[in-house]
Amino acid sequence: FPFPYAPYPIQERFMAALYGALEAGRVGIFESPTGTGKSLSLICGALSWLRDFEEKQRQEEARLLAPEESGQEGTKRLTPAEPGCPDSRDTAGEPDWVTAFVQKKEERDMVERLKEEQIKRKKREDRLEKIRHNVQLKYAAKRKRSEDDETKRLLQLSKEVLSEGAGVDGLEQLDHDEEELILAEYESDEEKKTVSGLEEDDDDDLEEEHVTKIYYCSRTHSQLSQFVREVQKSPFGKDTRLVSLGSRQNLCVNEEVRRLGALQLINDRCMEMQKNKHEKKSDEEAEGKKRRVSRTVCPFYSYEQMQFLRDEVLVEVKDIEQLVALGRETKACPYYGSRYAIPAAQLVVLPYQMLLHEPTRSAAGIKLKDQVVIIDEAHNLIDTITCIHSAEVSGSQLCCAHSQLLQYMERYRKRLKAKNLMYIKQILYLLERFVAMLGGNVNQNPSCQAVSQTGTLLKSINDFLFQSQIDNINLFKVQRYCEKSLISRKLFGFVERYGGPATAVKTNKENQKLGGLQNFLLTLQRGSDKEGTLQSPPVEAENDQLRAASPLMQIEGFLAALTNANQDGRVILNRQGTVGQSSLKFLLLNPAVHFAKVVEECRAVIIAGGTMQPVADFREQLLSCAGVDPARVVEFSCGHVIPPENILPIILCSGPSNQQLEFTYQTRDLPQMMDETGRILCNLCNVVPGGVVCFFPSYEYEKQVYAHWEKTGLLTRLATKKKIFQEPKKANQVEQVLVEYAKCIQHCSQAGGQMTGALLLSVVGGKMSEGINFSDDLGRCVIMVGMPYPNIKSPELQEKMTWLDKTMPRAAGQAPSRVLIENLCMKAVNQSIGRAIRHQKDFASILLLDHRYTRPAIFNKLPQWIRERTQVKPAFGSAFAELRK
């Protein structure tokens with residue numbers, strides 16, 4: 001193995017298997033428990049392969065260029081079409097001299113291209129080497145930035161002095177802020193002509209060859225930051241060109257934009273400021289004829305400074321926090337500066353939502369052709385793809401968007417171009433028809449409109465388009481218009497200006513016309529009392545207003561979803577009590593259609609996780625449906641680094657009073673089942689030191705059991721041995737609960753006494769079932785109460801099951817829908833019980849409280865390293881004896 005970095009033999013085996021999969025260009029499903037240092041093994045194996053691959057490439061280039069450099073005739077490098085031999089090109093009837101000429105031309109073109117790439121690579125390497133070893137360049141760049149800032153400041157002062165006393169003429173006098181709300185003239189892609197300007201020049205200057213690279217994806221920014229820190233400590237940390245990508249919300253350093261809070265608002269504002277920068281030149285040229293109010297541009301969007309930031313990123317490995325700090329220091333945008341570094345990077349680190357969504361991928365400049373993609377923490381990959389490409393809008397959002405857009409159009413009708421008016425009217429019509437499908441009228445308050453026929457309806461995309469009478473509208477063009485015109489951002493600014501409390505609005509004629517919009521928004525956000533007077537705003541009114549300000553953003557996502565193929569999705573009409581409470585939802589049924597392009601373009605794709613069982617979902621729903629040849633798919637699963645005696649998994653079939661444990665929907669609410677669960681926990685808490693984590697199937701059931709224990713006094717008995725903590729529903733409270741839980745365990749272990757630790761009541765699929773480490777004393781025992789099957793009555797799940805039964809073959813005599821339900825359950829179980837064992841010397845017991853875990857179809861879906869050590873205990877006595885040992 002060329003670059004061994006394997007503290008454990010398992011890691012070395014994992015890295016070698018990964019190396020082989022990349023070399024062969026496979027689609028790999030890799031499983032390795034977290035204790036093996038999975039992420040570090042992934043990247044060390046991948047970077048080792050990349051070093052070898054780059055070395056082979058250089059040797060091949062040297063071989064091809066050697067005859068050219070020595071002035072000799074090149075050796076035969078491209079195989080011509082031999083007479084009588086079939087060729088990929090149709091060369092039948094062509095003379096030999098034509099074939100020879102084409103071959104020579106291809107050889108010359110290839111040699112020229114290799115020479116150009118070598119020159120670019122040499123320039124880049126020299127530039128980075130200078131920056132790496134010459135600190136004075138950094139100070140020179142800082143000094144130049146200070147000089148530029150001073151020049152800009154003086155220039156602005158001069159302009160302000162000259163402009164004093166000058167009047168503003170035009171069609172209608174508008175404030176500086178209001179001028180920015182006007183939509184620019186829109187041209188579709190078909191109508192656009194080639195425009196010469198700053199943007200195109202910048203792209204040409206920055207264009208560099210896309211070297212073979214590894215795209216490493218994980219679920220969250222925090223996981224990526226942890227991973228980058230591991231890379232920094234690895235043997236590859238010094239000489240790997242690594243780039244961290246993220247959203248504007250994480251990377252923006254413009255405080256004015258960051259204050260907007262919502263990601264969509266930040267995106268729209270950023271794009272608008274770029275547009276203003278490129279329009280500034282033409283505005284200044286026209287200033288002599290008619291002076292226009294200048295539009296805000298981003299001071300951090302500087303081509304020169306972003307080039308400097310790009311080079312700094314490539315010189316040294318930096319995580320997102322370090323990248324943001326560098327952006328502030330250099331006054332350069334980290335969001336765009338990091339993108340400029342992609343072509344030359346060897347390792348690109350990004351959230352997998354960014355890679356899986358094609359428009360985001362294209363906007364970021366990510367080219368997957370012949371590259372390597374590693375998707376870590378991929379156990380919920382199918383759900384992620386489904387969520388990214390699904391969308392939901394409520395009736396209140398549709399009515400609110402219609403009212404806002406109508407008021408906007410009336411306000412600026414005289415200043416909008418014909419194409420803008422046409423598209424706005426199309427959007428208004430779409431909103432009208434969507435509300436009509438929910439049984440309402442856009443001109444009435446949605447909260448006051450009762451729905452005559454409540455319930456849930458599922459429709460195919462085509463049926464929905466026909467029945468809502470919008471099949472004559474080109475949704476692709478409307479979606480493109482929304483994206484390019486930034487209409488949602490303009491509308492948000494408009495509502496921000498005129499949709500606030502009445503006291504904040506000026507009392508001129510124009511603003512008085514907008515009273516209806518103000519009152520409509522206020523009734524949506526705060527409601528109105530019987531006499532019709534507005535109630536006082538609630539405590540969270542400001543946040544609610546931000547969320548409700550531009551519902552058009554949510555609706556744009558729904559329009560994009562409707563452009564999917566008819567067979568790949570369904571539209572769900574959820575009609576509740578009022579139109580405002582009702583909703584339209586697009587559900588993606590076939591995630592493979594959006595994953596297919598990734599698999600087709602890439603040289604190799606690795607889908608990896610600590611717990612990937614059961615893997616049938618990945619093979620069938622994702623890879624098989626994406627058209628991947630089964631011969632190209634390789635699976636690799638390795639055990640844990642802990643010795644066998646460090647884990648005790650037990651399937652418990654009955655409790656202390658011989659009550660059979662079967663937590664079905666029919667039996668789990670019975671008092672005797674809840675009492676038996678409590679007795680099991682009381683016995684365990686008497687013998688298990690430190691922390692005990694108990695997982696329930698849902699928040700509702702956990703709340704129900706807690707209330708029952710409180711009523712029967714069992715909670716008091718539990719509290720004598722363990723302090724009881726409950727998982728909060730709000731994400732911002734999780735950290736506080738975990739800190740108090742850890743402090744309690746630490747205090748009990750040091751102080752001694754009757755109380756031996758803490759009991760944490762958690763929920764499967766909740767905040768603590770993924771990404772949380774209950775290592776050492778934080779999790780000496782993990783208990784799974786029942787089997788967390790999903791709600792089979794859910795319309796979305798039922799439609800998915802029907803679709804699978806129609807499109808997938810039966811597996812081992814089981815219907816695909818049944819396999820799906822079991823797989824969803826066991827994936828959730830495996831994630832939760834894997835929280836306890838986090839490193840080589842860790843130890844814990846795992847209790848599965850339900851006799852149904854003994855069924856072969858269920859038992860075989862446990863991770864191998866747990867399954868091979870699991871004991872089945874029909875009675876509680878023998879299980880308790882094992883735990884005491």
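Start with the cysteines: a search of the whole structure finds zero disulfides, a disulfide being a pair of cysteine sulfur atoms within 2.5 Å. Select C333, which is in no disulfide; its nearest cysteine sulfur belongs to C270 and is 5.9 Å away. C333 counts as buried because its relative accessibility is 10%; buried means under 20% relative accessible area, exposed over 50%, and partly exposed in between (1.4 Å probe, protein chains only). Then select C482, which is also buried, with a relative accessible area of 3%.

This is a predicted model, in which local features need pLDDT of at least 70, side-chain atom pairs count only at pLDDT 80 or more, and totals for chains, interfaces and linings use all residues. Residues are numbered from 1 along each chain as its sequence is written, and side-chain values use heavy atoms, with hydrogens and water left out.

Next, select K331. It sits in the loop between α12 (320-330) and α13 (334-340); helices (H or I, at least four residues) and strands (E, at least two) are DSSP runs, numbered from the N terminus. K331 is not a glycine, yet its phi is positive, about 55 degrees. With a relative accessible area of 42%, K331 is partly exposed.

Now go to N658, in the loop between β12 (647-652) and α28 (671-687). Its phi is also positive, near 65 degrees, in a residue other than glycine. N658 is exposed, with a relative accessible area of 63%.

Last, select W97, in helix α3 (residues 96-133). W97 counts as exposed because its relative accessibility is 63%.
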